[in-house]
Amino acid sequence: MHVADEHLPISHREAGMPTALVGMLLFIASEVMFFGGLFAAYFNARAIHAGEWGPPSGAPELEMLPIALPITVILVASSFTMQFGVWAIRRGDQRAMRNWTMLTLALGVAFLIGQIYDYTTLGFGIGDGAFGTVFYTLTGFHGAHVFGGAVGLTILSARAAQGQFSSRNHVAVEAISMYWHFVDVVWIALFSTLYFLR
């Protein structure tokens, strides 16, 4: 590396991937294993309780409408808005990046509110049989990850408002974007498993 490169932002040094992005990739890899274990528990419990799988007797069946499908669309849309924010800061457009990030945050919060509301309408709890336990464990841990992503988006928005990002210095935006896309992919897998493969 040339001496002059020492003063370049870490996102544009010639040697390798920025440490923050490597760290985020390793964290996501660990989260893939974590959710992989939860999905394994789900399918194991489902195989053991095959004849009686689903919400407990007296509780309504899981339905995609009116809540689950709309909040899924909201979360998937937030992945697009997050990517628009990344593209904006790569062009050096701080204002557009901040606006897209704030919209992504709003969509993430809307998803969480919808999920909490959905919990109040399901008619069963985490202690109601194996299905209730794995359902709330899977969706609850995912919701916690969305909340963590929302905290990250809030910090990004605050830093963007102070003009801390540019086309040459935006590793944090890229890292949070990777995490947010991961959270969305996990939800798509969860939604498909819970509502289509039941």
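How many cavities of 30 Å³ or more does the structure hold? The structure holds 1. A cavity here is a set of points, on a 1 Å grid over the protein atoms alone, where a 1.4 Å probe fits but cannot get out.

This is a predicted model, with local features needing pLDDT of at least 70, side-chain atom pairs counted only at pLDDT 80 or more, and totals for chains, interfaces and linings using all residues. Residues are numbered from 1 along each chain as its sequence is written, and side-chain values use heavy atoms, without hydrogens and water.

**The cavity.** Select Ala 68, Ile 71, Gln 115, Asp 118, Tyr 119, Phe 135, Thr 139, Trp 187 and Tyr 195. They line the largest cavity, each with an atom within 4 Å of a point. The space inside is about 50 Å³, counted as that filled by probe spheres set on the points. Helices α2 (64–90), α3, α4 and α5 (171–195) each give two or more residues to this lining. The largest share, 3 residues, comes from α3.

Tyr 119 sits in α3 (residues 94–121) and Tyr 136 in α4 (residues 129–161), so the pair ties together parts 17 residues apart in sequence.

The whole structure has 18 aromatic pairs.

Key
Phe/Tyr/Trp six-rings, centres within 6.5 Å; stacked < 30°, edge-to-face > 60°. Helix = DSSP H or I, 4+ residues; strand = E, 2+ residues; numbered from the N terminus. 1 Å grid on protein atoms, 1.4 Å probe; cavity = no way out; pocket = protein on both sides within 12 Å on 5 of 7 lines; lining within 4 Å.
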